[in-house]
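Biologist: I have a model open and would like to learn how to read a few of its features. Could you walk me through some?

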Amino acid sequence: MTRTDNNGQHGKNTISVYLAGDSTVSTYSSELAPRAGWGQVFGKLFDDKIIVKNHAESGRSSKSFIDEGRLTTILDKIEKGDYLFIQFGHNDEKKEDPTRYTEPSTTYKSYLKQYIDGAREKGAIPVLVTPVERRRFAADGAAQDSHGLYPAAMKELALAEQVPLIDLTAKSKALYNQLGPEETKSIFLWLDAGVHPNYPNGVQDNTHFQEAGARQIARLVVEGIEENKLPLRNHVAKKE
């Protein structure tokens, strides 16, 4: 499983930031470029003391990620002072799939709590990240909510467990409203036919990002780090 490490040096002076999430966070191969998850570009926003270890995987929910042993893999490696960023919701919503579906106020919270408890047991810092919005607009051009009760459920859990929370749902929606329906196509994987060899027939994807968009979403996560006054903010690079 290849992951983006910013820095091959795993010295004592480095902090690892582990990412657990779905396809909107994942790292993609060059065959799928310019598709990119925000986790793929996240490391570029920090200095060389930070090593981003992106374990996010397409199609996973908070439940299936755990059931497949992916959280265990992280917890076997994570160390005191490291971070675990947790963003799920897109696939937890899939009622038709019992291997992934969670109910917002019950099982979604109980699965997320396993990430929190696991990180804390290792002396690491869990950070909850509400699911990034899809590209969905009303007829009047206003960005619409696309995650139902999941973001609110995650906020309730963060409050109950005293976990730092980055409201990426709200931040991404505000960005889309600022840009509008047409301009947001530059964030998402919208390409005309013939523009990119990997998508000869073009693509219109309202869930996944192209690289420039992934960078914008990653910056929103960094903004949340600074708002939460996490020590990680001291390692944000001055320039990308």
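This is a predicted model: local features need pLDDT of at least 70, side-chain atom pairs count only at pLDDT 80 or more; totals for chains, interfaces and linings use all residues.

Biologist: Where is S26, and is it buried or exposed?

Modeller: Helices (H or I, at least four residues) and strands (E, at least two) are DSSP runs, numbered from the N terminus. S26 is in the loop between β1 (15–21) and β2 (35–36). Buried means under 20% relative accessible area, exposed over 50%, partly exposed in between (1.4 Å probe, protein chains only). With a relative accessible area of 1%, S26 is buried.

Biologist: What does S26 touch?

Modeller: Contact means heavy atoms within 4.5 Å. Leaving aside neighbours within four places in sequence, S26 is in contact with A36, G37, Q40, N54, A56, E57 and S58. A polar atom of the S26 side chain lies 3.4 Å from the backbone oxygen of A56.

Biologist: And T184, where does that sit?

Modeller: In the loop between α6 (168–183) and β7 (188–191). T184 is buried too, with a relative accessible area of 0%.

Biologist: Which side chain makes a polar contact with the side chain of T184?

Modeller: A polar contact is a pair of N or O atoms within 3.5 Å; within protein, one must be able to donate a hydrogen and the other to accept it, and residues adjacent in sequence count only if both atoms are side-chain atoms. For T184 the partner is the side chain of R135, at 3.1 Å.

Biologist: What about R60 and its side chain?

Modeller: R60 is in the loop between β3 (50–54) and α2 (62–67), and its side chain makes a polar contact with that of E68 (2.9 Å).

Biologist: Last one: how do α4 and α5 pack?

Modeller: Axes are lines fitted to C-alpha atoms, for helices over the stretch in contact, and angles run from 0 to 180 degrees between N-to-C directions. Here α4 (residues 104–121) and α5 (residues 150–161) pack at about 45°, with axes 10 Å apart. Under 35 degrees counts as roughly parallel, over 145 as roughly antiparallel, 65 to 115 as roughly perpendicular and the rest as oblique, so α4 and α5 are oblique to each other. Among the residues that meet are L112 and I116 in α4, and M154 and L157 in α5.

Definitions and conventions. Residues are numbered from 1 along each chain as its sequence is written. Side-chain values use heavy atoms; hydrogens and water are left out.
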